[in-house]
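Dear colleague,

Here is the structure I promised to pass on. My notes on what was found in it follow below.

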Amino acid sequence: MENGISTSSANKSNSSSSNGKHYGTSLPPAGAFIPSSSSPVSKDHPHVSHLTNDRLSWWHYGIMLALVYISFATYPGSGLSISSSEGGREGGKGRMTLWHVWYFGWITALSTGLGTLPFVVVSEMNKWWLGVSNACAAGMMLAASTSLVYEGIVLDDSSYVLRHGACWMPQSLRVLLGLLGGLLFIVSTKKLLDQHEDVKVAGLDGLEARKVLLLIFVMTLHSFTEGVGIGVSFGGDKGAKLGVFISLTLAVHNVPEGLAVALVLVPKGVNKWKTALWSIFTSIPQPLMAVPAYCFVESFIPFLPVGLGFAAGAMLWVAVFELLVDALEDTGSRAVTAIVGTLSFGVMMVVQMGLKED
């Protein structure tokens, strides 16, 4: 018996050894990921499998049709060329209406979905590149939160001050109050999500689902303040020109924000069309908030710095304590995470500054 057991063990050992050699000299099993010798990715950074069954359902197609229908049904009858004068048509431009305010906000929301376009040519991604994507998304979100804080501090509230006098609390203090409120709110939200381990979103579940849900939630919160900004910008004597400019600027600005969402979802295997829909969903509050903000512009202005700070605080927390932490874990390199995060932050800031100067 001893000889039999010994022989069997030896045969298993030889079989394992030969299988190892065979694997090294022939094609790997289907679906296996082997980085090339020139790739910076080693065997310590395995392939991140995509959700092969993550396909579109009938209601996803229904949402797409609804987006197309709304885009056509709510298009202003007088076109997008508008004038803020009250006297009917002037110079071929229609008088500004609530439909114009809504539609420009709608355009900014749809543009967020364009952030998924770079992933049309990307079919696979391993863990190392997933970390790079998280670092890139973190840098973009840090730049966006910095911009929100700056906008809150330098917000022009002269029209409100002329009619009602200066607010008792300085703008910078209101921004700081909102910033702290955003941090506390998102920490409380994360604790609440951690108590529900069965959360499912975008085909993901468990910890990954909670992280994605937190990101989507933060980006949606951020869109509320942008929607208010659109509505406020359409108010006043020069509202038509300023509102159109702010809306189109935000539309361009929303593309990299959609990319930030895609950088987190697509590498985890979420369908690209689903990712585009989720990106657009995070910006839906923009047209929804633009209309009431335009109607009650003076009521919204004093609270806008608080809202901007609130969104900035929430984005700051997610960028630092979620995305950067995941990036460090996946890349295994502080240097790579820092370089990628810094570069994406710098590029995003340059883009934002360029839009403001134009």
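**Salt bridges, a cavity and a pocket**

K190 counts as partly exposed, because its relative accessibility is 23% (buried means under 20% relative accessible area, exposed over 50%, and partly exposed in between, with a 1.4 Å probe and protein chains only). Please bear in mind that this is a predicted model, in which local features need pLDDT of at least 70 and side-chain atom pairs count only at pLDDT 80 or more, while totals for chains, interfaces and linings use all residues. Residues are numbered from 1 along each chain as its sequence is written, and side-chain values use heavy atoms, with hydrogens and water left out.

K190 forms a salt bridge with E322, with 4.0 Å between the closest N and O atoms (a salt bridge being a side-chain nitrogen of Lys or Arg within 4 Å of a carboxyl oxygen of Asp or Glu). K190 belongs to helix α6 (residues 171–194) and E322 to helix α12 (residues 304–331), so the pair ties together parts that are 132 residues apart in sequence (helices, H or I of at least four residues, and strands, E of at least two, are DSSP runs numbered from the N terminus). E322 counts as buried, at 8% relative accessibility.

By this rule there are two salt bridges, and K211 and D326 make one of them, at 2.8 Å from N to O. This pair links distant parts of the chain, with K211 in helix α7 (residues 206–233) and D326 in helix α12, 115 residues apart. D326 is buried as well, with a relative accessible area of 11%.

The structure holds one cavity of 30 Å³ or more. On a 1 Å grid over the protein atoms alone, a cavity is a set of points where a 1.4 Å probe fits but cannot get out, whereas a pocket is an open set with protein on both sides within 12 Å along at least five of seven lines; lining residues have an atom within 4 Å of a point.

Helix α9 gives the most to the lining, with five residues.

With best wishes

Note on methods. Points joined across faces, edges and corners; volume = space filled by probe spheres on them.
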